[in-house]
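Let's walk through this structure together, one piece at a time. Keep the 3D view open and follow along as we go.

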Amino acid sequence: MLIDGLIRMGLPLLNRGGSPAEVIRQITDVEAGAQFFQNVILVEIDVAQRRFAVHPPMAWGDWQEEPQEGGKGRRKKTQARFVPDRSRTVAAPFVLPKGGNPLKPQGRYGIPVYLVYDKQFRELAANAEAVRDFLERRLARTQLWRGAVEVAALTAPLADAFATLASGATEKEKLYGLLVLAEVGEGHPYRYAAAASDDGPWVVQSRLHPGVAVCANLALLEQAAWQAKLAEGMEKGALDDGVCVCCGAEGPVVSIANQAWPLFAFEWRAPLPSELAEEELVRGAALCHRCYQGLTLGGQFCFSTASRRLPVWVTRELFAPAMSRGGDTPRQVRQEVYAGLIITPLVPLDAEAEKRFADGLEAFRRQTVYLERGLPLEQVLGLEQTVLPETLTDARFRLTVLYYTGEVARKNVHLLAVVEDVTPSVAQAVDELLVALGEEVARLCQALQLSPARYERQLLCLPPLLAMAYGYGYVWQALGRILHRQPIALSPMVRHAALRMQECAARWQRDDARWAMREEVLRYLVFRAFWQAYMRKVVQRKEEGADMRPWPELLNELKAGSLDFARSVDELGFAAGYLVRAFSRGYWWKTKGKDFLTHRVLTFGSRLTPDAVWRRAILPMPEYAVRVGLPLREELRRQHGAWLLAYRQMEPEVQKARDAFLAAFWAGYHLADSVLGAAEAEGEGVAADESAAMAEA
Amino acid sequence: MTTLLVFDVRGPLAHFRRPDTAVTHATYPFLTRTALHGLLGAILGTEPVQDGWAAIELRAPVRTRAQQLSMLGKMYLDGSNTKTFHRPTAVELLIQPHYRIYYTGPKQAELAEAIRQRRSVYPTYLGVAYALTVPEYVGEWAADPLEEADEEPLLCRTVVPVAAVKRLEPLPDAEYARVGGMLYERVGPGEYRGGVSVLYNAAGGPIRFVPKPSAHLPVRLMGLREGEAGVVALW
């Protein structure tokens, strides 16, 4: 089960412990719901004397002016932001409602600390009956409430307090507040002390006992928070003599359908076992209390700490069509994609190793390792600004990556992919390949006269790179294969690249299509380089279909007058591109600006096929040269003849691998400029003129 | 010596839903123990066959793919059709699964006969009704129980409960993985008890490991005398 991974990640965090304040911050929402501390209404209840006092509304924090970035040319503005007093906020832990109506009581409350929203302030103001209803419905769901004073006695003074706050607020102002019924006494969540003590923060100065402070009993608050969590888990059933599905422990268990796990929405009943009532789901699969606590912490870690929304540019590329260019306008992002990480030990750890594991998770939480050594997850998984601490890159650990859409808070999570059991060393090796690929991107961009800044992000991040190569339908599958060191195919990428190039070729007379074609050549060669390096270094298998040598090598040989064209279809296509480009430069110069491909090959909207390259571009070159008065260099003439011979020999193979031929053709065509300039005296000027003309366009 | 009934199940796809997913249906990476019991029961036309011992071998690599299906959504059970609606649901599917099952138990003869004749009382499927399969009879092979307490690593053809593994030994091209919290035992309709964590080779080959006596989960290791060589872990 997926929760098994979360539990194995959460239990070391649970065993690691931490101060009650740290645990409260982890398992409740005192950090996320900071705005509720703007208006705290605290009722001090002396349990021993059964007396109470309502404190005047207070703010547990300060408003601070923070500079706000204005637009270009605008003045910088400041904005007031409420900064809570973190040492004090742990004294009133609460959980924010996730889905449903937040104005209604939801889940379980550890101690009587209740959220009050703007609408409720207005309703409860000077309305004792409404306050009574508000309190009674929530107290019934509260774990730690001894009832030292009658609810009826509290309603009128509380209604006054709400009225005070509501009257002081403007119509536009949104009020957020917290109602705390603080039972004070030994063995209660709060106690009297002379001053703040080591084991609990100062909360408020007592009104019932002047000169005495009310402090929080954090250990008890932590316990109450866990009890509330457990009570929530019991809502879908609990057994006293069950067996835990994860650890096999026998004893009290709760259902796996609980608030800690967002992939299980209760209200959607169709996939649940039809034989069981909703409150008996515990009979389907159950967790012991300890595993449930581990699940709570693990779920919190996965879906909050180790969860990132993929950047918009990644998402856009993920959903981009692979078989066509999809227009030149920026593509609309259809949905937001998130990635969550589960880090687990492969085998049970001893106490010392488990402690180091928990420390590693804590370091991940704080990301203090960002500048230190570790495994960056940005390029491999698309998780921006995320580094896996070095202690967690050990071979004993495995990563599980969840890619999903939807909202965790509303328990509406749709998994796109689960990549399980990723060995960090494999992710590390792939990351190194991507880093090294950066040099190839820079080299290619220079050769193709493209700006590297525009393509680096897209081509050096694995999910968008795979989406471009394989298309949306296969991106996650391909990612899973790579992260498991399995071979990946080259042919789908070649097919997609050839289709996109055909699209550009159809609009060849337009200058924007020529730049788009260069972009496609870049993508084709970069993925090819990645694929070759991956197969050689990571998979360590012989590459089938890797029958094109690196492009600089090929270009140098062609420039040196190589006549060896029959090694593979890809190299034949690449050489064809080179020869056509070499000829077209002189043709452009002699015809005073006519593009050879437009003028003679891609005429009347015809498609470029291997046959067209042979029949319409290369075969009649000498004839065209005579027509326009272009003297063919001896070297080019020899290469021309040798290529025609090679093509005739390889024609059956070319027909079987038309996409490979065409993709390589366009690569050779565009890269030829990078070596031809110096080779041909007349061509140098031509290249400069033509490039200038394209740039102007 | 024991005789094991050996048969294959395979299909274009399969889905063994993890019970901790509802909005999205994630799958276990291979045929689960409880699904196998159900499949045996479907062949015989009885309740799930829980008597006996079975081992599951992965004959193909674990390949999954998430696919959106239109499924009947909320309020399915309350009887009021007006509130139902179809909802696109992400379902993780296993692609081209192929398992070899080893079984020994009281129903062995009946099962062998039915599978040999390619007949079953109820349709047999791989986890979901849209993944139909027909079990293929392979044979009845002799096997011997292994001696205990050996430090020698075994080459096991089948998936193994973690509880029976003392130490894993690497194998070239193997991808050892673990699936935790797999439901262990069916108690009644929709009701299960206990869980088991299992090690498997996601690349579809064997696992090499040093065994240990399993404390709380019974596992029987047997060496195949006939058929293909190796060890199977029945549980």
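This is a predicted model: local features need pLDDT of at least 70, side-chain atom pairs count only at pLDDT 80 or more; totals for chains, interfaces and linings use all residues.

Strand E17 (residues 397-407) of chain A and strand E18(A) are partners: their pairing is antiparallel and runs over 8 bridges. To find a spot where the two face each other, look for Glu407(A), which stands opposite Asn412(A) in E18(A).

Now step back to see the sheet this pair belongs to. It is an open sheet of 4 strands in chain A, with antiparallel pairing and the order E13-E14-E17-E18. Which strands stand at the edges? They are strand E13 (307-309) and strand E18 (412-422) of chain A; each has a single partner strand, so one side of each is left without a neighbour in the sheet. From one strand to the next, the twist averages 20°.

A helix joins the picture here. Helix H10 (residues 351-366) of chain A lies across strands E14 (338-345) and E17 of chain A. Its direction is at about 160° to E14(A).

Next, turn to chain B. Two packed helices are described by the angle between their axes and the distance between the axes. Helix H1 (residues 33-44) of chain B packs against helix H2 (residues 108-116) of chain B at an angle of about 75°, and their axes are 10 Å apart. Angles of 65 to 115 degrees count as roughly perpendicular, and H1(B) and H2(B) are therefore roughly perpendicular to each other.

Which residues meet there? From H1(B) come Leu40(B), Ile43(B) and Leu44(B), while H2(B) brings Glu110(B), Leu111(B), Ala114(B) and Ile115(B). The residues of this contact divide into 6 nonpolar, no polar and 1 charged.

Conventions: Residues are numbered from 1 along each chain as its sequence is written. Chains are lettered from A and ligands numbered from 1 in the order in which they are written. Side-chain values use heavy atoms; hydrogens and water are left out. Two strands pair if DSSP finds at least two bridges between them. Axes are lines fitted to C-alpha atoms, for helices over the stretch in contact, and angles run from 0 to 180 degrees between N-to-C directions. Contact means heavy atoms within 4.5 Å. Angles under 35 degrees count as roughly parallel, over 145 as roughly antiparallel, 65 to 115 as roughly perpendicular and the rest as oblique. Ala, Val, Leu, Ile, Met, Phe, Trp, Tyr, Cys and Pro count as nonpolar, Asp, Glu, Lys and Arg as charged, and the others, Gly among them, as polar.
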